[in-house]
Amino acid sequence: MEEIAANLARIATRIAEAAQKCGRSPDEIELVAVSKTHAAEKVQAAVEAGQLLFGESRVQEARAKIPLLPSRLRWHFIGHLQKNKIRHALPLFELFHGIDSLALAQDMDRIAEEEGMRPRILLEVNLAGEASKHGFSPEPLRRDLETTLSLGRLTIEGLMTIPPLSPEAEASRRYFVALRELRDQLEREFNVRLPQLSMGMSGDFAIAIEEGATLVRVGTAIFGERSRPKRD
Ligand SMILES: *Cc1c(COP(=O)(O)O)cnc(C)c1O
């Protein structure tokens with residue numbers, strides 16, 4: 001558990017260094033501590049070290065875990081949200097990173113209306129065209145963005161991506177650049193603000209920060225290895 005505090009301190013230093021390297025303020029970058037598969041006790045150890053923002057990728061797991069922890073914590077949903085979990089997920093999470101289709105956004109908008117909620121979301125982009133991954137491809141995103149923007153209950157705050165798994169952190173850079181450039185283009189074409197870029201995980205968050213990440217999603221480097229597969 002002391003290790004968690006030491007890991008968080010090390011990551012804070014690395015975030016500050018990466019920000020400094022490219023002339024950004026570390027305050028522009030938020031660390032989402034990805035606690036999926038890890039027990040509430042480990043989350044509590046991170047809380048005691050000062051971390052208050054956490055990420056989960058399964059609604060069932062989050063529903064069990066969140067009530068065990070202090071109510072002042074903030075939670076982001078970072079996984080693929082299934083339609084039949086939207087209603088349960090809405091009150092738990094302040095930001096949904098993985099909204100990956102127009103149909104899901106429409107379902108979320110409708111359910112949020114019924115529940116009287118105003119969810120904040122990021123649109124997930126599948127930049128490498130990997131069949132195994134969720135997310136909009138860039139062209140369908142362009143096609144569907146106007147409709148998505150018109151969904152009155154949702155606030156689209158930016159984009160999220162998960163690059164192809166690679167042992168080389170540098171291999172992620174081109175995807176981070178591509179996400180930022182896509183964001184810049186969409187802001188111009190649609191005259192909207194998409195300030196948030198959710199990109200970077202344990203292996204490549206420093207590079208993501210150099211390329212403009214505002215939210216980095218880090219699990220293993222804080223909590224250690226997970227027993228379940230990494231990308232669930
Ligand atoms: C699990 C997960 C992470 C954390 O990955 P680590 O390599 O453990 O840092 C980040 N983002 C998403 C979407 C995840 O599912």
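**Entry 1: the ligand**

Reminder to myself: this is a predicted model. I began by asking which residues are closest to the ligand. I got 13 residues around it, and the closest are K36, S202, R217, G219 and T220. Next I sorted that shell by class and found 6 nonpolar, 3 polar and 4 charged residues.

Then I looked up some polar distances. For K36, a polar side-chain atom sits 2.6 Å from an oxygen atom of the ligand. For S202, an N or O atom in the side chain is 2.5 Å from a ligand oxygen. T220 also gave me 2.5 Å, again between a side-chain N or O atom and an oxygen of the ligand. I checked the cover as well: the ligand taken alone exposes 390 Å², and the protein buries 97% of that.

**Entry 2: R226**

Is R226 buried or exposed? I looked up its relative accessibility, which is 12%, and the cut-off for buried is under 20%, so R226 counts as buried. I found R226 in the segment after α9 (220-223). Leaving out residues up to four places away in sequence, R226 touches K36, T37, H38, G219 and T220. I spotted K36, G219 and T220 on my list of closest residues to the ligand, too.

**Entry 3: E17**

I moved on to E17, which is in helix α1 (residues 2-21). Its relative accessibility is 47%, so I wrote E17 down as partly exposed. I also looked at E17 together with E210: they are 193 residues apart in sequence, yet their C-alpha atoms are 9.8 Å apart in space.

**Entry 4: helix α2**

In α2 (residues 40-48), I noted A40, V43, A45, A46 and V47 as buried. What covers these buried residues? I found that the cover includes α1, β2 (53-56), α3 (59-65), β3 (74-77) and α9. Just after α2 comes G50, with a positive phi of about 105°.

**Entry 5: helix α6**

At 1.5 Å a residue, its 12 residues should span 16 Å, and the end C-alpha atoms are 16 Å apart, so the two agree. The buried residues here are L141, R142, D144, L145 and T148. I traced what they pack against and got α5 (102-115), β5 (120-124), β6 (155-160) and α7 (173-190).

Key. Residues are numbered from 1 along each chain as its sequence is written. This is a predicted model: local features need pLDDT of at least 70, side-chain atom pairs count only at pLDDT 80 or more; totals for chains, interfaces and linings use all residues. Side-chain values use heavy atoms; hydrogens and water are left out. A residue is near a molecule or strand if one of its heavy atoms lies within 4 Å of it. A polar contact is a pair of N or O atoms within 3.5 Å; within protein, one must be able to donate a hydrogen and the other to accept it, and residues adjacent in sequence count only if both atoms are side-chain atoms. Accessible areas come from the Shrake-Rupley method with a 1.4 Å probe; for residues, only the protein chains shown count as cover. Ala, Val, Leu, Ile, Met, Phe, Trp, Tyr, Cys and Pro count as nonpolar, Asp, Glu, Lys and Arg as charged, and the others, Gly among them, as polar. Helices (H or I, at least four residues) and strands (E, at least two) are DSSP runs, numbered from the N terminus. Buried means under 20% relative accessible area, exposed over 50%, partly exposed in between (1.4 Å probe, protein chains only). Contact means heavy atoms within 4.5 Å. The expected span of a helix is 1.5 Å times one less than its number of residues.
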